[in-house]
Amino acid sequence: MKNLKFGAVMLSALLVFSSCDMSNTAKGTGIGAVAGAGLGALTGKLVGGSGKSTAIGAAIGTAVGAGAGALIGNKMDKAKAAAAAVQNAQVESIQDANGLAAVKVTFDSGILFNSGSADLSTTAKNSLFTFANNVLKQNTDMDVAIQGHTDNTGFKGVTSATENANRNLQLSQQRAQSVANYLTSQGVSTAQIRMIEGKGQTEPVADNSTAAGKALNRRVEIYLYASQAMIDAANAGTLQ
């Protein structure tokens, strides 16, 4: 019964935090005060709105207290502001799988690539150059995940839905890899990029039956989240 009551208190507190319009710093403080990152994915799933969760996150084994959560949130707020200044970048605050503040940056594939291609456009290189130098290289204690996505448009001459899905999966992987390759060519450490993944057409964010929806579904997402080194520094109170 005692455990049940404690769980109910934590759930209520987390729901309050998810309903408020807070900065990452405030969210980090609140979540840390409730239970720390030991809540793992449970915390992330409870946070909605602009703080929606993602499966991205370091595999940590230690809890993060309120003060450490606030330090991580503050760091993420600064990274978010820097990313928002990058041309063609759409930026939002999210929670990672540990319930910690993270940043999601989305680039429209129409800006990054020509149709059916994984070769970066000149516009894409300009945006990614700024992103590499002003965001990633200034935050080397943040881990990075890159995911490519497509709409469900079929390929010319291919009639099998399965084959079209497989080709879209391959294209999304190639596009995510192209972004990663360009970022590392600009001096971003390969060790900082922890995941490069193609999702194909499996995770649409809009209606694929409309041209506008398809355009939103063609995208590359870059996630910035706390590395183990950042978490350790936050717990030690030394994170700047």
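## A buried asparagine in a loop

In this predicted model, Asn139 is placed in the loop that runs between helix 6 and strand 3. Asn139 has a relative accessible area of 9%, below the 20% limit, and therefore counts as buried. When residues up to four places away in sequence are set aside, Asn139 touches Lys75, Ala79 and Gln192. With Gln192 the separation along the chain is 53 residues, while the distance from C-alpha to C-alpha is 9.7 Å.

## Overall organisation

The protein chain contains nine helices and five strands, and, read from the N terminus, its elements follow the order α-α-α-α-β-β-α-α-β-α-β-α-β-α. Of the 240 residues in the chain, 47% are buried. Among contacts between residues at least 6 apart in sequence, 76% link residues that are at least 24 apart.

## Helix 4 and its two helical partners

Helix 4, which spans residues 66-84, and helix 6, which spans residues 122-136, have axes that come within 9 Å and cross at roughly 155 degrees. That angle makes helix 4 roughly antiparallel to helix 6, and the crossing of the two helices is right-handed. Ala79, Ala82 and Ala83 on the helix 4 side meet Phe131, Asn134 and Val135 on the helix 6 side. Sorted by class, the residues in this contact are five nonpolar and one polar, with no charged residues.

The axis of helix 4 also comes within 8 Å of that of helix 9, and these two axes cross at roughly 125 degrees. Helix 4 and helix 9 are therefore oblique to each other, and their crossing is right-handed. Ala68, Leu71, Ile72, Lys75 and Met76 in helix 4 are in contact with Met230, Ile231, Ala234 and Asn235 in helix 9. By class, this contact between helix 4 and helix 9 comprises seven nonpolar residues, one polar residue and one charged residue.

## Helix 6 against helix 7

The axes of helix 6 and helix 7 come within 9 Å and cross at roughly 55 degrees, and the two helices are therefore oblique to each other. This crossing is right-handed. Helix 6 contributes Lys125, Leu128, Phe129, Phe131, Ala132 and Leu136 to the contact, and helix 7 contributes Val179, Tyr182 and Leu183. In terms of class, eight of the residues in the contact of helix 6 with helix 7 are nonpolar and one is charged, while none is polar.

In soluble globular proteins, nonpolar side chains tend to be buried together. In this model the largest nonpolar core holds 43 residues, and those with the most contacts inside it are Ile72, Phe131, Ile146, Val179, Leu183, Ile222 and Leu224. At least two residues of this core are supplied by each of helix 4, strand 2 (101-108), helix 6, strand 3 (142-149), helix 7 (161-185), strand 5 (219-226) and helix 9 (228-236). Helix 6 provides the largest share, namely six residues.

Val179 illustrates the packing within this region, for it touches Leu112, Phe113, Leu120, Leu128, Ile146, Val220 and Ile222 when residues up to four places away in sequence are not counted.

Asn88 sits in the loop between helix 4 and strand 1, and its phi angle is near 75 degrees, a positive value in a residue other than glycine. With a relative accessible area of 26%, Asn88 is partly exposed.

Ser93, by contrast, lies within strand 1, which covers residues 89-95, and is buried, with a relative accessible area of 6%. Its C-alpha atom is separated by 9.8 Å from that of Gly73, a residue 20 positions apart from Ser93 along the chain.

Notes:
Residues are numbered from 1 along each chain as its sequence is written. This is a predicted model: local features need pLDDT of at least 70, side-chain atom pairs count only at pLDDT 80 or more; totals for chains, interfaces and linings use all residues. Side-chain values use heavy atoms; hydrogens and water are left out. Axes are lines fitted to C-alpha atoms, for helices over the stretch in contact, and angles run from 0 to 180 degrees between N-to-C directions. Helices (H or I, at least four residues) and strands (E, at least two) are DSSP runs, numbered from the N terminus. Angles under 35 degrees count as roughly parallel, over 145 as roughly antiparallel, 65 to 115 as roughly perpendicular and the rest as oblique. A crossing is left-handed if the near helix is turned anticlockwise from the far one by less than a right angle, and right-handed if clockwise. Contact means heavy atoms within 4.5 Å. Ala, Val, Leu, Ile, Met, Phe, Trp, Tyr, Cys and Pro count as nonpolar, Asp, Glu, Lys and Arg as charged, and the others, Gly among them, as polar. A nonpolar core is a set of buried Ala, Val, Leu, Ile, Met, Phe, Trp, Tyr and Cys residues joined through side-chain atoms within 4.5 Å. Buried means under 20% relative accessible area, exposed over 50%, partly exposed in between (1.4 Å probe, protein chains only).
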